[in-house]
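Subject: Structure handover

Hi,

Here is the structure for you to look over. Please open it alongside this email.

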Amino acid sequence: MSESIKKQYAIGVDYGTNSVRALIVDVSNGAEIASAVFDYPSGEQGILLDAKDPHLARQNPADYIEGFYASVVSAIEQAAVGSEFTPESVIGIGVDTTGSTPMPVDRDGLPLSMNPEFEDDLAAYAWLWKDHTSASEAAEITARASAGDEVYLDKCGGVYSSEWFWAKILRCKRTSPRVFEAAYGWVELADFVPGFITGNLDPANIPRGICAAGHKAMFHPDWGGLPNAAFLNQLDAGLAKVAEHYRANTSTCDETVGGLTEAVAKRVGLPSGIPVAVGAFDAHMGAVGAGVKPGTLVKIMGTSTCDITVWPMDQPLTDIPGVCGIVPGSVLPRMYGLEAGQSAVGDIFNWFVRQLVPGNHSATGDPHVSLTREAEKLRPGESGLLALDWNNGNRTVLVDPLLSGLVVGQTLHTTAAEMYRALVEATAFGALTIINRFESYGVKIEEVVNCGGIAEKNPMVMQIYADVCNRPMKISRSAQTCALGAAIFGSVVGGAHPTVESAQQKMTGTKETVFYPRESAVQVYAELYRLYEQLHDAFGTSDSTGGIDNVMKDLIAIRRRVSEDASESC
């Protein structure tokens, strides 16, 4: 076979909440030839917890390093069996991670948790995206930015989140000053991994991806980068030091961090010097792997949900309250990346199964399967239940981690399957709220592409989403869109494709199965959504003027009508 037609491959390394996955992809068509998963060994399913604080969630950076080695080695071994693959045919590597997951590092860029002096201090570890300990600090940042002439919140929805960069660092300063003072800088996981495998760890010069910087650290070209020192000093005098050790410019993911170091290459069995793309968050690269483009909303559905779309930078775009960022180049170069999401989706379903489901649903296998089997027999509105999807707070559009879940309409006859379906419907109502917010500010959503385990495994959920949102629900062709998106950027920096868009055309697609809205279900869910909006505003906002005394009675009326219609059709 001649050199010109030899197969070429890219590797996408996807750091999730509980594990890291390495995916090897044929750059000519997106075919996934091998993948391997490494479960983080530390803590509970990879998460370091504190029994005294349910909002705390940290991770061990050593797991990230070992996870890269183990997953890539295993994937390479698989790919080499019965295929044309050779390590020399890998042309590029891309990395995506959770975020905002910042970690304090020393002068050499190594996490403080790897220093024996700090191994027993959770503040020295990575502050996982779902760590909500900094709710008061986030509220303070929001208040401070809103009180003056600052515009730092304009591009991140008007409210700063406890899940984000500066809130977590400020929390560390106040609760663990020893760690804060020892840290030379703070680095996002999305920047740390590419820096580590290319030997570019200097905190002051490590390439910083615009994705993490723009969506979580209030970095934007409109005001010259990070918030200025005066603003940061108003929050705490120590924060300006963090900004001083933060590179002044950022990069998009079609740029390289550098080449794979000889030491890392030897550990994983690859040639040294393979170009590594700038890192980004999993949802943003997942959107690329699902074929995101203007008019397409990609929903990455997992423990939480991230919603990503893009908008051309040469077209006007209004700031959108409640979104998680409007950042140039954070998803596709030359386009604004728009992020929204829900703080818990799969986590809500899993909570219900773990804590509240009767044993008969788990006696013969997966309780999710049993509950789904019963729940899909129910008609929309038949349960008489309505829930809010805030069990882990609200990410969009309220941006409030101090909100909690709610189920209205329970009776002495309510079943576990009815509750399960109501929770699924609640997450669909939350999804529709996000779509409505985008469209009310001029960002038209023409199609929705879903990806992740829930979209892949549960047709009932997808049908409910189609009915509630009154839009067809497509499913990404790849079950591993985040890793695929990372591999796409690896293919671009490796020279296989001139642009990300051209790579998407070759390497992405959707499945043949599409879930279309059902007219009768759409009508009932429109009624239920109006009630959801009442609860949403009454419990989630301070300016709600309408009462909610009608909600329970309206749910009963809908339930009775649906039951009567069902009886007449029999």
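Below are notes on the cavities and on one helix.

Bear in mind that this is a predicted model.

Cavities

The structure has three cavities of 30 Å³ or more.

Tyr15, Tyr64, Ile65, Phe68, Phe192, Val193, Phe196 and Ile197 line it. Two elements give two or more residues each to this lining: α1 (61–79) and α5 (189–198). The most comes from α5, with four residues. In this second lining, eight residues are nonpolar, with no polar and no charged ones.

Helix α2

Helix α2 covers residues 135–147, 13 residues in total.

Which residues of α2 are buried? They are Ala135, Glu137, Ala138, Ile141, Thr142 and Ala145. Seen down the axis of α2, these buried residues fall within an arc of 165 degrees, so they line one face of the helix. In an α-helix there are 3.6 residues a turn, so residues three or four places apart point the same way. The cover over the buried residues of α2 includes α3 (165–175) and α7 (229–235).

Best wishes

Technical notes:
Residues numbered from 1 in each chain as written. Predicted model: local features only at pLDDT ≥ 70, side-chain atom pairs only at ≥ 80, totals over all residues. Heavy atoms only, no water. 1 Å grid on protein atoms, 1.4 Å probe; cavity = no way out; pocket = protein on both sides within 12 Å on 5 of 7 lines; lining within 4 Å. Points joined across faces, edges and corners; volume = space filled by probe spheres on them. Nonpolar A, V, L, I, M, F, W, Y, C, P; charged D, E, K, R; others polar. Expected span 1.5 Å × (residues − 1). Buried < 20%, exposed > 50% of the residue type's maximum accessible area, 1.4 Å probe, protein only. Arc of directions from axis to C-beta. Contact = heavy atoms within 4.5 Å.
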